[in-house]
Amino acid sequence: MTALLPTYKRFDLSVAKANGTTIEDTNGKRYLDFGSGIGVCNLGHRHPGVQKAIEAQLQNYWHTSNLYHNPIQEEVAELLVQNSSGDHVFFCNSGAEANEAAIKFARKATGKTKIITFNQSFHGRTFATMSATGQAKIQQGYGPMLGTFEYVPFNDLEAVKQAIDENTAAVMVEMIQGEGGVIPAEALFISGLEQVCKNNHVLLIVDEIQTGIGRTGKSFAYEHYGISPDIISVAKGLGNGLPVGAMIAKGKYYNVFGPGTHGSTFGGNPVSMAAAKAVLQYVFQADFLQEVEEKGRYLQERLTEKLSELSFVSDIRGRGLMIGIECTADVSPVIARSMQEGLLILSAGQQVIRLLPPLTVTEEEIDTAVDLIYETLNNVVLEDVQKVTQ
Ligand code: PLP
């Protein structure tokens, strides 16, 4: 019996330490980490530049409050706005809080309450972000959701047009639905969506919590679509493992979050900010992002080459280093077996294997992972066939 609530279904792996793409368990067994803590340690575990920045900040101060100026917050905000369509930043501690801020912000900015989101989207676990999430399994057991969200099919512009009414404040969308199964938004859908939002004075909120901070080979995934969102939410990779989230908004909405209207005790914590500054200075370099794009292409090519002969692999998709391998059966035995073989991978829904390796992953590590995935998929399926024929 444990003193923890059973909130998470955990694998039988107790982490002792981690470095780069490698995790070591308490028995000394080593694993190649192709999940990065669900897309968090984008620069690998304990990246030396980030670690140095954190250690330096620990010597200065750990926390005061948002009643005083925090110069590193200013620097991180500057880096975010220089590299996005936004002009001003609010800092918080997680993805859900970033989206929560975005929801409140959009409602206050427009004086309207309805927010349109998409089927199989994921936006977080607070009450508003759970209500925004288009997945019944996330909402189950919590009674009525907030009634101001309407869910429409993903990649369906007509459905958005029909859902928009005079009370619509915003549309909230992921560029690649992560938890929902690594499903990329279509180019025409996103350009059309931006136009529809503009025509109807509806804010476009892009949830970049999983896709942002270099994950897809651009600073933010919306850049692939050539759009300019009104609000962007980020978290996960921003602190490379330290908790931090941010909501970035366009300049014309500067006064929406005036003093006392929103806040967070820990938001913009100086140690997390030191990590975020080091992360952004590294990730937002054009040559680094180009490498991510190339490595992503290499990973998809290797996977396609190796896995397309397997009849139960139905699709390989994604962008940069955010890849989904759709299978025709439940992938949980594959994830468990892969762990035994020393490779940590994720699922996204029941039938999709999700790969989110650190952006610093090497080609050699990619080769090893692809071979292990191939072997694991083959072995798990062979075992199933044997079970059936026995
Ligand atoms: N939005 C997206 C797209 C996510 O993938 C997640 C987490 O997986 C969240 C929001 C929620 O982030 P957090 O778990 O940091 O609250």
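Good morning. Between them, domain 1 and domain 2 bury about 1,700 Å², and 61% of that area lies on carbon and sulfur atoms. Three residues of domain 1 stand out here: Leu289, Arg319 and Met322 supply 39% of the area that this domain buries against domain 2, more than any other three residues. Please bear in mind that the model is a predicted one.

Let me place the two parts in the chain. Domain 1 is made up of residues 15-33 together with 286-389, whereas domain 2 covers 48-283. Their centres, taken over C-alpha atoms, are 28 Å apart. To the contact, domain 1 contributes 20 residues and domain 2 likewise contributes 20 residues.

How many salt bridges does the rule find across the interface of domain 1 and domain 2? There is one. Glu179 and Arg354 form a salt bridge through their side chains, with an N to O distance of 2.8 Å; Glu179 falls within the bounds of domain 2 and Arg354 within those of domain 1. As for polar contacts, six residue pairs are counted between domain 1 and domain 2, with both residues at pLDDT 80 or more.

Which elements build the side of domain 1 that touches domain 2? Those giving two or more residues are helix H10 (286-307) and the strands E13 (313-319), E14 (322-327) and E17 (352-355). H10 provides the largest share, four residues. Sorted by class, this side of domain 1 holds 12 nonpolar residues, along with four polar and four charged ones.

Thank you for your attention.

Methods:
Residues numbered from 1 in each chain as written. Predicted model: local features only at pLDDT ≥ 70, side-chain atom pairs only at ≥ 80, totals over all residues. Heavy atoms only, no water. Domains from an automatic or database assignment. Contact = heavy atoms within 4.5 Å. Buried area = accessible area lost by both parts, 1.4 Å probe. Salt bridge = Lys/Arg side-chain N within 4 Å of Asp/Glu carboxyl O. Polar contact = N/O pair within 3.5 Å; in protein donor to acceptor, adjacent residues only side chain to side chain. Nonpolar A, V, L, I, M, F, W, Y, C, P; charged D, E, K, R; others polar.
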